[in-house]
Structures are given as C-alpha cells and as structure tokens.
Amino acid sequence: MRILVANVNTTQSMTDSIAAQARQAALPGTEIVGLTPRFGADSCEGNFESYLAAIAVMDKVLSYPEPFDAVIQAGYGEHGREGLQELLDVPVVDITEAAASTAMFLGHKYSVVTTLDRAVPLIEDRLKLAGLDARCASVRASGMAVLELEEHPDRAVEAIIEQALLAVREDKAEVIVLGCGGMAGLDEEIRARAGVPVVDGVAAAVTIAESLVRLQLSTSKVRTYAAPRPKMVIGWPLAAASAPVTP
C-alpha cells in the first residue's frame with residue numbers, strides 16, 4: 001500500500017517531519033511518500049495561503065508519476081480536500097477531519113490547539129462544514145507561527161500545553177487535538193503533561209486511510225465528488241503545462 005502525504009506548504013523540512021510521523025503510525029508494508037508543493041507559501045496561516053495551497057497540492061498529487069492507494073492532505077483547516085476527491089479515485093483523508101472524528105471516540109468534547117489566532121476562524125469553519133463542530137469545545141491559539149514550531153520546539157510545546165490545560169479546565173474539553181501538521185510528533189509529550197488523550201492529525205489520518213484501503217472503500221462519485229466535467233481550463237499549472245489542458 002502506498003499513501004501520499006501532501007504537505008500544504010513549501011517547507012521541505014516540515015514535509016520530512018510530517019512524513020516521519022506518518023511512517024511511525026503506518027502498518028508494516030505501508031509506504032509513505034511525502035510531497036512538497038512546487039509553488040506556494042512557506043507556511044499557511046490565512047485564507048490566501050490556504051487557497052493557494054489547495055491548487056498547489058492538487059498540482060503535486062496529479063503530477064506524481066507512480067500508482068498510489070490513498071492521499072492525505074496534511075494541513076489543519078486548509079481548503080482543497082473536496083477538489084482532490086473529485087480528481088482522484090482513491091481515498092482522500094484530511095487531517096482536520098481525521099483528528100476531530102478520532103477525538104470524538106475518546107471523550108465527550110474535544111478542543112483544538114493551533115498556531116496563530118488568525119487561523120482559528122478557518123478551523124472553526126472547516127469543522128462546521130464537516131459536521132464536526134457540535135462536540136468541539138473550543139479552538140485555541142498557541143500564539144506560535146507555523147515555522148516557529150520547528151525553530152523553537154521547546155517554546156512551542158510549552159505554549160501548546162498552556163492552551164491545552166486551559167481548554168481542559170475552562171472549556172471542559174476531554175481530548176486535545178493538535179491543530180497543525182507542523183505539530184506532528186508532539187502528541188506524546190503534551191499527553192503526558194496535560195493528562196488527557198492528545199490526537200495528532202497525521203497519525204490519525206494514516207490509520208483511517210489504511211483502513212479505507214483495506215476495506216476497499218473510496219469516495220462516492222455519484223454526485224458531490226463526481227469527476228470534473230471535461231472542459232477547457234486555461235492556465236492550469238499542472239506539471240508546468242505550457243498549453244490549456246482538460247483534467
């Protein structure tokens with residue numbers, strides 16, 4: 001089984017960290033391939049960067065030359081999952097939905113701890129769109145920018161733990177969800193300090209993707225996620241195409 005794990009930003013070191021976490025969660029025999037978009041922002045923390053990343057991830061996935069069995073979009077609260085589902089015949093799992101749905105098996109309510117405050121509304125909207133907001137106690141910002149998670153990991157952990165503890169005490173959360181792909185691998189330390197289950201979206205997404213492949217299930221194509229209708233698409237950047245293409 002081969003699973004593509006697509007980072008939503010262009011920072012290669014973050015792709016490497018996300019892929020490493022995915023490999024730790026994967027079953028023996030599952031190959032994890034980390035993908036870095038060929039264009040876009042070095043971190044995604046707002047709507048412009050998120051929409052840009054949606055196109056960049058579709059571009060990168062569609063230009064991957066080998067067969068694959070599933071795709072994971074490794075950006076928390078990012079746009080684009082629906083487009084991938086239209087374009088692909090294999091399961092597409094977004095870490096936002098994977099983490100939140102997993103958290104609901106573990107407690108009555110969960111809280112998300114993310115990066116900057118400006119990302120909070122995007123995450124709230126994505127959870128509402130997915131129908132996962134009813135059991136979300138809160139979405140809290142750690143105040144750490146995405147790239148700071150790598151630059152200052154100790155400070156990042158302390159900031160996340162502070163918000164996790166506040167979510168448990170003040171918001172009555174029983175589970176904490178890590179609200180950024182760049183937080184992959186921090187779950188064990190935060191779990192030990194916060195005293196509640198902590199869900200890493202990358203690990204959760206890998207487990208769900210493997211299960212869907214083993215069950216031979218994929219996205220329904222009868223309506224919402226049917227393949228795009230053939231038409232002229234001008235300027236689509238797929239694989240540096242120099243002429244209009246039809247997806």
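**Around helix H7**

I began with what covers the buried residues of H7, and I found that the cover includes strand E5 (110-114), strand E6 (136-141), helix H6 (148-151), strand E7 (175-178) and helix H8 (187-194). A reminder to myself: this is a predicted model.

Next I listed the residues of H7 that are buried: Ala156, Val157, Ala159, Ile160, Ile161, Gln163, Ala164, Leu166 and Ala167.

Then I checked the length of H7. The helix runs over residues 153-170, which is 18 residues, and at 1.5 Å a residue it should span 26 Å.

**Around helix H2**

Which residues of H2 are buried? I noted Ser50, Ala53, Ala54, Ala56, Val57, Met58, Asp59 and Val61.

Their packing partners came next. The buried residues of H2 sit against strands E1 (2-7), E2 (31-35) and E3 (70-74), and against helices H3 (81-87) and H5 (120-129).

**A stop at Ser43**

I picked Ser43, which lies in the loop between E2 and H2. Is Ser43 buried or exposed? Its relative accessibility is 7%, and buried means under 20%, so Ser43 counts as buried.

I then asked what Ser43 is in contact with, leaving aside neighbours within four places in sequence. The list is Asn9, Glu49, Val146 and Leu147.

One more distance for this page: Thr11 is 32 residues from Ser43 in sequence, yet their C-alpha atoms are 7.2 Å apart in space.

**The whole protein**

Stepping back, I counted nine helices and eight strands in the protein. Its C-alpha atoms fill a box of roughly 55 × 35 × 35 Å along the principal axes.

I compared the radius of gyration with the globule rule. For 247 residues a compact globule would have a value near 18 Å, and the protein has 17 Å, so the two agree.

Buried residues make up 51% of the 247. Of the contacts between residues at least 6 apart in sequence, 70% join residues at least 24 apart.

I noted 21 positive and 32 negative side chains, and the centres of the two sets lie 6 Å apart.

How values were computed: Residues numbered from 1 in each chain as written. Predicted model: local features only at pLDDT ≥ 70, side-chain atom pairs only at ≥ 80, totals over all residues. Heavy atoms only, no water. Helix = DSSP H or I, 4+ residues; strand = E, 2+ residues; numbered from the N terminus. Rg over C-alpha atoms; globule rule 2.2 N^0.38 Å. Buried < 20%, exposed > 50% of the residue type's maximum accessible area, 1.4 Å probe, protein only. Contact = heavy atoms within 4.5 Å. Lys, Arg positive; Asp, Glu negative; His and termini not counted. Charge placed at Lys NZ, Arg CZ, Asp CG, Glu CD. Expected span 1.5 Å × (residues − 1).
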